[in-house]
Amino acid sequence: MNKKKFVYLILCSFSLALLAHSFFIYKFLKDGIYFGGPSDNLIQMLAFKDFLYREISNGNLFYSTKYGLGGNFFGSLSYYFSTSIVFYLTLGLVKLIDLFGLVTTVDFNFWASISLWISVARMTIVLIITTYVGKIYKLKTKYAFMAASMFALSGIYFRHAVLWEPFSDAFIWLPIILFGAEKIIQEKKPGFFVLGVFLTLFNNFYFGYINLLFAFFYIVLRWLWKFSENETPILEQIKLFFISGILGIAISLIGLFPAIYGVLNNYRPAYNGTIPKFEIVDNILTSSGIIIIPMVFLFFAFNISNYKNKIFTFFTVISLVLCILHSSPLLASIFNGFSAPQNRWEYIIAFTMGISIGKALELSFEKEKIEKKDFIFNSCAALCTLVVYFVATKIMHSNETFITTRYFSLMISLIFIGIIIVFKYNNPYLKVVYFVLLLSISIVVGINYQKNILFENFYVKAMTKELVQNEDFSGNEAIKKFINIVEKEEKFNRIDYKNYNMPNMSLIEDYNGTSLYSSLINKNITDFYIKHLKINTGGDAVNTYAGFNNRSNLLSIFNANYVVLKDEKLFNKPYGYTEIATENGYHLLKNENDLNFINVTNSLYSEKDLKSIVDKEEAMINGVVVADAFANKKYTENSVSKLDYEIKTDEISSFDNGSLIMKNDGILRINLLPNQSKYEDLFMDFYLKSKESNSFDFYSLNGFTSEIKGKDSLYGTQVYDLLIRVKYANVLELKLPKGEYEFHINSIYGENYDSLRKRHVRDQSVDYSYSINNNKINIKYDNLNENTFMSIPIPFEEGWDLKINGVKEDIIKANYSQIGFYLGSDLQKIELKYTPPYFKVTIIISFIGLLLTFMWLRYRKKNIN
């Protein structure tokens with residue numbers, strides 16, 4: 001392709017991308033509606049981009065204390081943007097315009113406002129790359145561009161780009177890796193396959209898995225289905241694929257390994273729902289929210305004369321098989337890593353259908369002579385297509401069809417009449433008109449998809465500037481004011497602000513928080529919340545943690561010395577926190593019993609000796625909790641705070657032998673027996689599981705509301721041993737919806753926080769200094785009392801290196817989730833630095849892989865014909 005044609009290709013691709021986005025461009029310019037969904041896109045994608053831009057701009061690439069309770073964001077966000085090449089290109093461009101003063105501020109709202117233009121640019125790239133890739137399938141440029149258009153304009157591109165932006169990057173890498181496979185099969189040239197493997201695995205491990213899994217089956221099918229007789233022998237292909245695959249993986253390790261470690265260091269319970277082998281849940285001809293089959297594809301698929309061409313037959317058959325397999329939850333599970341079924345892989349269908357359509361157009365329009373049978377074949381194809389669509393609209397989910405039968409008939413008639421006219425006059429300008437017709441139909445179908453599925457069903461219409469700047473997301477002036485108050489104090493503090501609508505608020509507002517919503521979370525934190533301390537966050541999801549249920553011991557242990565509550569939540573404020581500021585119905589509370597950043601002690605308690613939640617909290621306050629091998633002190637169980645109670649039923653509730661029946665929505669009352677000690681707080685440790693619901697139910701205890709999800713939930717914890725902390729009351733009121741439950745109370749405890757108050761006083765006498773700078777923590781402590789152990793409120797995870805007085809020392813997991821280590825005597829100069837696990841090793845391997853690739857390809861170019 002010469003330079004002039006390349007410029008035309010860029011202009012055509014950009015113009016088509018603009019037209020494809022015209023609905024959202026119109027909505028953005030007219031109504032100020034942003035390109036993106038108001039759920040995960042708003043809460044995760046925009047928050048992560050804003051956070052990463054700020055951290056990377058400040059030279060911080062790996063770790064931040066503001067990432068939830070603190071964590072390795074490079075590995076955890078590899079599912080999203082931290083290894084995304086498209087994001088880094090965007091970041092570089094944004095940084096450039098920021099440096100030149102072309103943008104007022106780069107903030108959360110800014111990222112929302114440019115999402116549309118990022119998608120336009122991405123689609124332009126997809127069109128250009130896929131057009132080039134089409135050439136490997138013997139398509140002339142114009143037909144390759146049509147194939148690329150059918151791929152890029154598919155509904156699933158917009159589904160991914162609008163709802164989960166990083167997913168749409170897969171549209172770039174899939175064509176490259178298949179192009180690389182064909183270069184080996186057809187030309188014995190492995191360079192592009194190395195490049196494809198590297199790009200897809202480095203960019204996003206999840207879609208790298210999907211792309212490589214499909215590439216494997218694609219390659220096997222190509223061995224069975226040869227396009228020509230002079231293809232590379234299979235044994236030589238195997239050798240080339242193996243070597244180039246290994247080299248591609250090696251080069252990608254610098255981004256791939258942190259992602260793999262993030263997955264391995266993440267807790268995700270096994271999916272317990274049923275996974276049927278086959279289940280039709282939508283109509284991919286007319287109304288699917290995932291992918292719509294272009295009617296021109298069916299038109300050409302019904303034309304039996306096209307099947308004389310091997311390439312057309314190959315891609316058409318694959319497309320039809322994959323369309324059927326779209327209705328297989330089992331395949332969706334396999335593509336989702338053998339987990340819960342997720343329909344994210346269907347962009348592969350869009351690619352195979354695109355190549356099929358491009359090849360069919362070439363077969364139709366490049367004939368030297370049009371025969372009578374061509375008219376017959378096309379007439380039959382048009383008739384069959386009409387019949388299929390009539391059946392689809394009348395029988396299969398007809399009430400959900402967003403394109404009418406009359407509209408289908410018009411489009412199929414235009415496709416048929418257009419191709420007949422081109423046949424008759426065989427004029428190149430008429431071919432261009434026909435291409436414009438097909439693209440116009442695709443754009444119109446796409447606009448219908450964008451409007452009815454995304455804009456309406458996924459509620460993109462709510463994604464306004466007003467929503468983005470709403471107080472629940474990025475426009476809360478009270479929170480900004482409170483952050484300024486907290487930051488004036490020269491010590492490490494966390495702010496516990498539980499915002500259900502935006503659990504990633506600390507990433508947006510740039511403060512040390514206690515909440516995070518992300519697919520990959522440090523399992524030490526997840527275990528701390530779910531397994532060890534039973535912290536009820538008000539939700540039931542393995543991909544979210546939020547606050548500490550106002551449990552003062554835990555808040556203090558993690559230096560969450562400030563709590564923000566709304567008016568309606570103030571009744572349940574944590575013990576020992578007093579109000580220091582108020583603004584627009586929000587209250588800032590400060591901890592009167594704050595603890596030091598360092599916890600120095602001689603008391604090391606064994607995890608296995610601690611049974612109750614109260615004992616675990618007490619042990620962490622009075623000393624430190626470690627694995628049994630490191631323990632040096634026996635813990636005596638605290639039985640004083642265990643309270644007696646009785647369960648009172650009424651006319652709408654019955655309870656017998658662990659079975660609770662609520663005849664209607666109502667309240668089960670648990671009365672504390674008289675003549676017992678009174679406490680500041682109560683902890684109710686109980687078991688609750690619905691016998692009926694597979695979705696989720698909300699319940700509450702004395703005004704604290706939470707949820708519990710059913711076994712079919714994708715992200716539920718599947719944990720039913722629960723605990724809730726509430727202010728002391730003689731009566732506990734458990735509010736439940738109508739239903740039948742498994743229910744029993746393990747224990748009810750009281751807490752007076754005597755140990756917390758004593759620890760607070762004791763900490764005042766500890767002399768130390770410290771500093772935190774991104775992934776580095778420095779502590780200076782004069783161990784005059786010869787304490788043997790120190791823990792700090794930073795989550796434990798692999799990658800931390802510790803030096804004390806210049807000597808490398810081991811780090812021990814303390815308090816179930818924190819960093820701990822042994823101390824020496826006298827002055828202790830402690831240095832902690834975080835680097836992703838094995839990062840230096842992966843850099844070396846990636847460099848060696850790159851060097852070997854260069855040497856191998858150069859050797860092949862010189863010595864192998």
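1. Basis. Local features need pLDDT of at least 70 and side-chain atom pairs count only at pLDDT 80 or more, while totals for chains, interfaces and linings use all residues of this predicted model. Residues are numbered from 1 along each chain as its sequence is written, and side-chain values use heavy atoms, with hydrogens and water left out.

2. Aromatic pairs. The count is 67, where rings of Phe, Tyr and Trp (its six-membered ring) pair if their centres lie within 6.5 Å; planes under 30 degrees apart are stacked, over 60 edge-to-face, and the rest tilted.

3. Y79 and F167. This pair is edge-to-face, with centres 5.8 Å apart and 70° between the planes. Y79 lies in the loop between α4 (73-76) and α5 (85-99) and F167 in the loop between α8 (155-163) and α9 (170-187), so the contact ties together parts 88 residues apart in sequence. Helices are DSSP runs of H or I, at least four residues, numbered from the N terminus. Both residues are buried (under 20% relative accessible area; exposed is over 50%, partly exposed in between; 1.4 Å probe, protein chains only).

4. Y218 and F314. This pair is also edge-to-face, at 5.6 Å centre to centre and 85° between the planes. Y218 belongs to helix α11 (residues 205-224) and F314 to helix α14 (residues 310-325), 96 residues apart. Y218 and F314 are buried.

5. R222 and F227. The charged end of R222 sits over the ring of F227, 3.6 Å from its centre (the rule: NZ of Lys or CZ of Arg within 6 Å of the ring centre and within 35 degrees of the ring normal).

6. Cysteines. The disulfide count is zero, taking a disulfide as a pair of cysteine sulfur atoms within 2.5 Å. C12 is partly exposed at 41% relative accessibility, whereas C323 is buried at 9%.

Key. Helices (H or I, at least four residues) and strands (E, at least two) are DSSP runs, numbered from the N terminus.
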